[in-house]
Amino acid sequence: MHPIILYDIPSKAPNNIWAPNPAKTRHDRFCLEYKGLPYTIVWVEFKDIPMTMKCKVGASTTEGGRYTLPVIKDPNTGFVIADSLAIAEYLDKTYPEKPVIPRGANVLMRLFEPAYCSIAYGKAVKLILTKTLEILNDSNREYFIQTRLELLGETLWEAVSEENVQQQWEDLKKGLDEIDKWYQKSGGKWIMGDTFSFADMVVACRTMWWNKIFDEEQLRELHSWNGGRWARILADVNTECGTDL
């Protein structure tokens, strides 16, 4: 079997790993490792994503008509797949051993990620994006700001004030408190109880992202929230997938 190609975004973070969405194929890498599929990573600078995906890889745009990562190219079938959930569905269909989407759970998985993102950190997104900007390679800063402003529906990038940093940090905690209730209600280790799934990769990838952007004091606090659930989920997903993200 030829290795699947995973396109990912480099940064100043250790081992280049930071972006939550390619991590999902790493969730997309997590998926590939969990399934035991060989793969190789091709690094694409943030600003080069549209041209590379359109002209060199032949990927399609995702929601909003933008070229985004993750993308995989499978030389065994010739398929190029964009969007982490679409990649997970493709991998389950093409390589069905050890599915990451339990039978009958496709709709749940499709609804889970946008709901999680909105509830967990929708009110803290500017803080998180500002911290993310600090670890991007310098050549990507302008493109990152431009595209994030478009997503936020804003025209001017302004630093988050100290007062707003504290407010958004409190909002992040409140959001994660709500997600914690989902896990409590599941009655098991995972969001679907005793069944490991793509949804847990979604949660783990955000913790992985935040581990790269927040300072030591913030991380100590984050890792203490909800009985240490978020660091524990990342550790458990790494164990399940045989990864170290």
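This note goes through the predicted model point by point, from the sheet to the helices, the cores and a few single residues.

1. The model contains an open sheet of 4 strands, whose order is 2-1-3-4 and whose pairing is mixed. Strand 2 (39-43) and strand 4 (80-82) form the edges, each of them pairing on one side only. From one strand to the next, the twist averages 20 degrees.

2. Strand 1 and its two partners. Strand 1 and strand 3 (residues 71-73) run antiparallel and are joined by 3 bridges, with Tyr7 placed opposite Val71 of strand 3. Strand 1 is also mostly covered, since 4 of its 5 residues are buried.

3. Helix 2 on the sheet and beside helix 11. Helix 2 (residues 28-35) lies across strand 1 and strand 2, and its direction makes an angle of about 160 degrees with strand 2. Two packed helices are described, in general, by the angle between their axes and the distance between the axes. For helix 2 and helix 11 (residues 229-241), the packing angle is about 40 degrees and the axes are 8 Å apart; these two helices are therefore oblique to each other. On the side of helix 2, the contact is made by Phe30, Glu33 and Tyr34, and on the side of helix 11 by Leu234, Val237, Asn238, Glu240 and Cys241. Sorted by class, this contact of helix 2 with helix 11 has 5 nonpolar, 1 polar and 2 charged residues.

4. Helix 6 and its surroundings. Of the 9 residues of helix 6 (residues 125-133), 8 are buried, so this helix is largely enclosed by the rest of the structure. The buried residues are Lys126, Leu127, Ile128, Leu129, Thr130, Lys131, Thr132 and Leu133. They pack against several other helices, namely helix 5 (106-121), helix 7 (141-152), helix 8 (162-186), helix 9 (198-213) and helix 10 (216-224).

5. Gln218 in helix 10. Gln218 has its place in helix 10. With a relative accessible area of 13%, Gln218 falls under the 20% limit and therefore counts as buried. When neighbours within four places in sequence are left aside, Gln218 is in contact with Lys131 and Trp169; Lys131 is also one of the buried residues of helix 6.

6. In soluble globular proteins, nonpolar side chains tend to be buried together. In this model the largest nonpolar core has 57 residues, and those with the most contacts inside it are Leu91, Tyr116, Trp210 and Phe214. Helix 9 supplies the largest share of this core, with 11 residues. A second, separate core has 17 residues, among them Ala59, Ala82, Leu136 and Phe144.

7. Tyr116 as an example from the largest core. Tyr116 is among the residues with the most contacts inside the largest core. Neighbours within four places in sequence aside, Tyr116 is in contact with Tyr121, Leu176, Ile179, Trp182, Val202, Val203, Arg206 and Trp210.

8. Ala86 in helix 4. Ala86 lies in helix 4 (residues 84-94). Because its relative accessibility is 25%, Ala86 counts as partly exposed. Along the chain Ala86 and Asp28 are 58 residues apart, and their C-alpha atoms are separated by 10.0 Å.

9. Backbone details in the loops. The peptide bond from Leu69 to Pro70 is cis, with omega near 20 degrees, and Pro70 lies in the loop between helix 3 (49-57) and strand 3. Asp83, although not a glycine, has a positive phi of about 85 degrees. This residue, Asp83, belongs to the loop between strand 4 and helix 4, and it is partly exposed, with a relative accessible area of 32%. Asn226 likewise is not a glycine and has a positive phi, of about 55 degrees; Asn226 lies in the loop between helix 10 and helix 11.

Key. Residues numbered from 1 in each chain as written. Predicted model: local features only at pLDDT ≥ 70, side-chain atom pairs only at ≥ 80, totals over all residues. Heavy atoms only, no water. Buried < 20%, exposed > 50% of the residue type's maximum accessible area, 1.4 Å probe, protein only. Contact = heavy atoms within 4.5 Å. Core = buried A, V, L, I, M, F, W, Y, C linked by side-chain atoms within 4.5 Å. Pairing = 2+ DSSP bridges. Axes fitted to C-alpha atoms, helices over the stretch in contact; angles between N-to-C directions. Parallel < 35°, antiparallel > 145°, perpendicular 65-115°, else oblique. Nonpolar A, V, L, I, M, F, W, Y, C, P; charged D, E, K, R; others polar.
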